[in-house]
Amino acid sequence: MSSELTGRAWELHDVEATHALAARVAAVRRGGDVIALRGELGAGKTEFVRGLAAALGAGQADVVCSPSYLLLNVYAEGSVPLAHFDAYFMSSSDDLERAGFDELRRAGHLVAIEWAERVEDALPDDTLWVDLRPLGDTPDGRRAELSQGARWSAAVQPERADDRHGEGRA
Ligand SMILES: Nc1ncnc2c1ncn2[C@@H]1O[C@H](COP(=O)(O)OP(=O)(O)O)[C@@H](O)[C@H]1O
Ligand SMILES: [Mg+2]
């Protein structure tokens with residue numbers, strides 16, 4: 001099923017455009033949904049999550065670190081609470097579970113995961129996948145592609161869309 005967000009490439013010419021795309025995703029989010037981010041170091045995964053947090057009015061993150069690296073940021077104050085995992089140092093989906101993935105989803109958090117391919121087998125079928133890569137040869141250009149399972153397709157119908165964020169459209 002085609003939808004407003006998926007099945008096309010988004011050309012994001014600067015960080016603001018990445019934040020604006022994240023805001024469009026946040027506008028159709030529900031607690032318990034999972035947003036899985038893929039892309040190399042510096043692709044803009046963290047910036048995308050910052051855009052989600054800003055759009056939700058999430059306020060200050062409660063940072064949960066392992067002794068040596070960021071594991072999880074929880075933003076409890078937004079319209080929907082947001083849990084932001086970084087799976088870079090996770091070696092299996094067990095690590096994600098141990099960090100509280102199921103518990104946070106059940107508690108109604110929107111969950112965003114960087115390096116989600118590392119924990120793919122823990123993710124639900126209706127996960128929204130966000131792939132970020134460089135666009136052209138400008139330092140700020142990014143290309144995003146979104147793909148999803150059935151539930152997201154149903155949630156993101158064209159009549160729910162608008163152009164108020166004005167990001168570059170392919
Ligand atoms: N269009 C863009 N989208 C996202 N980040 C961008 C963009 N243009 C430039 N940047 C910069 O690229 C870097 C992306 O870093 P980050 O989001 O931490 O990447 P990742 O989490 O994928 O490793 C940031 O310094 C950001 O300012
Ligand atoms: Mg990152």
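Helices (H or I, at least four residues) and strands (E, at least two) are taken here as DSSP runs, numbered from the N terminus. The model is predicted, and local features need pLDDT of at least 70, side-chain atom pairs count only at pLDDT 80 or more, and totals for chains, interfaces and linings use all residues. Residues are numbered from 1 along each chain as its sequence is written, while chains are lettered from A and ligands numbered from 1 in the order in which they are written.

The chain has a mean pLDDT (the predictor's confidence in each residue, from 0 to 100) of 86, with 83% of its residues at 70 or more. Over residues 157-170, pLDDT stays under 50.

Helices α1 (15-27) and α2 (45-55) each contribute at least two residues to the shell around ligand 1. Of the 16 residues around this ligand, T18, G44, K45, T46 and D140 come nearest, where a residue is near if its C-beta atom, placed from the backbone, lies within 6 Å of the molecule. The shell comprises five nonpolar, five polar and six charged residues; Ala, Val, Leu, Ile, Met, Phe, Trp, Tyr, Cys and Pro count as nonpolar, Asp, Glu, Lys and Arg as charged, and the others, Gly among them, as polar.

Strand β1 (residues 9-12) runs antiparallel to strand β8 (residues 142-147), to which four bridges join it; strands pair if DSSP finds at least two bridges between them. Within this pairing, E11 stands opposite R143 of β8.

V130 touches I35, A36, L37, F48, A144 and L146, not counting residues up to four places away in sequence; contact requires C-beta atoms, placed from the backbone, within 7 Å.

Terms used
Contact = placed C-beta atoms within 7 Å.
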